[in-house]
Amino acid sequence: MNSITENTDYKLELASSPHIHSRWNTRQAMWMVVLALLPAVIASVIFFGIYQIVIIIVSVAACLVTEVLIKKIRKRKIIIDDGSAVITGLLLSLILPPNFSLSSTAIGAVIAIGIGKEVFGGIGYNIFNPALVGRAFLQAAFPVPMTTWTLPENTIDSLSSATPLAAMKFDNVITKPLNMFLGNIGGSIGETSALAILIGGLFLIAAGIINWRIPTAMLTGMILFSGIFWLIDPLKYPDPLFQVFAGGFLFGSFFMATDWVTSPLTSKGMWIYGILISLMVVAIRLFGGLPEGVMYAILFMNAFVPMINKFTRPRVFGEAAK
Amino acid sequence: MSFFSSFKTFKGGVHPSEFKEFTQNLPFEIMPAPAIVIIPLTQHIGKPANPVVKKKDEVKAGQVIAESSGFISSVIHSPVSGIVKDIHLEPTISGFPNECIIIQSNDNSDIDLMPQLDIETVSPDDIISRVRDAGIVGQGGAAFPTYVKLSPPADTKIDYVILNGCECEPYLTRDDRYMIERSTDVLNGLKLIMKALGVKKGVIGIEDNKNQAIKAMREIVRSEPDIEVEILKTKYPQGAEKMLIKAVLNREVPPGKLPMDVGCVIQNIGTAIAVNDAVTKGEPQITAALTVSGKGINNPKNIIVRVGTPLNEILNYCGGLKDDAAKIVVGGPMMGVSQFDVNAPVTKATSGILVLTKKEANAHTETPCLNCGKCIEVCPLGLVPTKLTRFSKLNMYEKADEFSITTCMECGTCTYNCPANIPLVQWIRLGKKKVIRMQKEKMSA
């Protein structure tokens, strides 16, 4: 028999209820995201060669070093085993062009953590997706390397232009859907294989880590808005399926727009956010100067998240709907 | 429970591991009365009872030892026969010291009963006065005097009595066992409550993880055209009054209102049993049925004890604690109160004692809020726990009030689900108290 009931000198743990907790915590969730990105990493090696691993490692390492240095300067506790800086590094590298310069990758990573996250106060306080901030900086600083696409190593099809979106936009050439699904096309390191992205993304949804509403809203929005234009003029505008599989749309839907910190809090807000991102992507792709617009669309909508949260407060139980 | 369960429920909520298997199949045992019982004068919501015995008085089991002191109050009977040793402050399970009558018991073979009433011919008024005289309080946790709930204002129209057989807290199996072992008495208790209120329709809501109870209750209500068993999805907090009414009748109780404002009276399974026993057997409420469970207790049990039995006597009766026991909780793990003194006594409304291990009890490290929205997704009342927590931390009580902080019923679902381990409901609890104080000051100003 335990001493607690016999001994008068016992000590019991005291706490305010609840006394149990779900098995999930932030740290586990973050490492699950890292795990979910592995299919995309593997696909990048298959299509673009082993060198992409070096870019990924440089990006992750630069993110970790930046995080540690800034925390030291700010005299804050250094926590890197929560996986968040690893995710930023992974995400950034996967949205860069294949065979991208290593020094530029490192600069992007420093900007992603430094400007994208830490200036706002660190994890949980940033407004914009850090990886996308890093990429946006690189796009502005190195416009030519950022749009120089290496084709997959064993491409069978001859493409007149490097990425399906550029081919569509500038040459009006549509890429074969099967190649786009598998990822055997030109594009960013981790963005080309729809299959790999879907495996990781659906796993995160099934595990309850990312909210299914955001990717669903983005897909619905994309099919709806691009479908309207396609129906108006199927020769001029690409079909919705192409739009979904092209560029960084799927990767953005599952891994960028679903970032906990920079996406809306409420279910209704998530729907609005996802649909508006797709509206912007369609607008940029069809009418903007750039072939691709997922990055800017998500960054732009990140800025609206506080407002979306304000206007999508859930209805308090028992109160009439406002 | 299954993910695709088609049973009725409410929006939000979580499904913690149930751990009901520890005691689900164990019939009630009756624990012998202890040598000394400690009877707090506050075992109910409302005014403390007034003691009517003094030191060295001889009392008999079932004899009134403290009188009700107002409309919302309750009479208290001696659970044992013996001598009053003293009346003084003692630690209680609420965490606050309370005036208690201490009785040294001797012979407990026989209990002073009230006259038995006939279930068929008893009048509504007689049921209500018997429930009051037997000192019955709600068994669902809040311990609201039951006779008050049976005496609604004359202009209130009530059309449903719902018996709460959800028992949505993990570990607890008291109501489950009651429905299995005493289904007829549960039904008779419900019928008496319906008769007292003049209500035609009754529903017994049971979560779908209690197959035996569902079967037993279904069998027994077969001959009752106006009483139904409603199977509900197993989900916490399905047993909260507002959630139960929403699931069963699709009615929403507005903030600050009571179930009777939407035409319902909710009673717990244990309360129905107590009402039945008071009317048909003349028994005052001097026992408490409870589940003793958890990974830190040697022999988990469902037991019936005398009110006033100290926790440590019960823990010893259940084989004592295991070496890694670290926390003792009275009630369920989601809303129960952790104990600092094992001499605190069981009260009329105690439904369970849990012994949690070091592994379960250790607080998780809090990390920053990442705005994931998982607290909002599960809040059954449509609140924004992360915001309320921020307002509470920053002393922004006007804002907290604007965001309906006082609507929170402190079910703890948000804290359970928070991946950053932020003590959300704990902050909200604090903020809620301050907002209520602020409102009172405004009213009196």
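Chain B is divided into domain 1 (20-25 + 116-281), domain 2 (31-106 + 284-360) and domain 3 (374-444). These bounds come from an automatic or database domain assignment. This is a predicted model, in which local features need pLDDT of at least 70, side-chain atom pairs count only at pLDDT 80 or more, and totals for chains, interfaces and linings use all residues. Residues are numbered from 1 along each chain as its sequence is written, while chains are lettered from A and ligands numbered from 1 in the order in which they are written.

Start with domains 1 and 2 of chain B. Their C-alpha centres lie 23 Å apart. Domain 1 of chain B gives 27 residues to the contact, and domain 2 of chain B gives 31. Two residues are in contact if their C-beta atoms, placed from the backbone, lie within 7 Å. On the domain 1 side, helix H3 (174-181) and helix H7 (269-281) of chain B each give two or more residues. Helices here are DSSP runs (H or I, at least four residues), numbered from the N terminus.

Now follow H7(B) to another partner. Helix H4 (residues 183-197) of chain B packs with H7(B) at an angle of about 80°, with their axes 7 Å apart. Axes are lines fitted to C-alpha atoms over the stretch in contact, and angles run from 0 to 180 degrees between N-to-C directions. So H4(B) is roughly perpendicular to H7(B), a label for angles of 65 to 115 degrees. Residues in this contact include B:Leu190 of H4(B) and B:Ile273 of H7(B).

Last, chain A. Its mean pLDDT is 90; pLDDT is the predictor's confidence in each residue, from 0 to 100. In chain A, 93% of residues reach 70 or more.

Notes: Angles under 35 degrees count as roughly parallel, over 145 as roughly antiparallel, 65 to 115 as roughly perpendicular and the rest as oblique.
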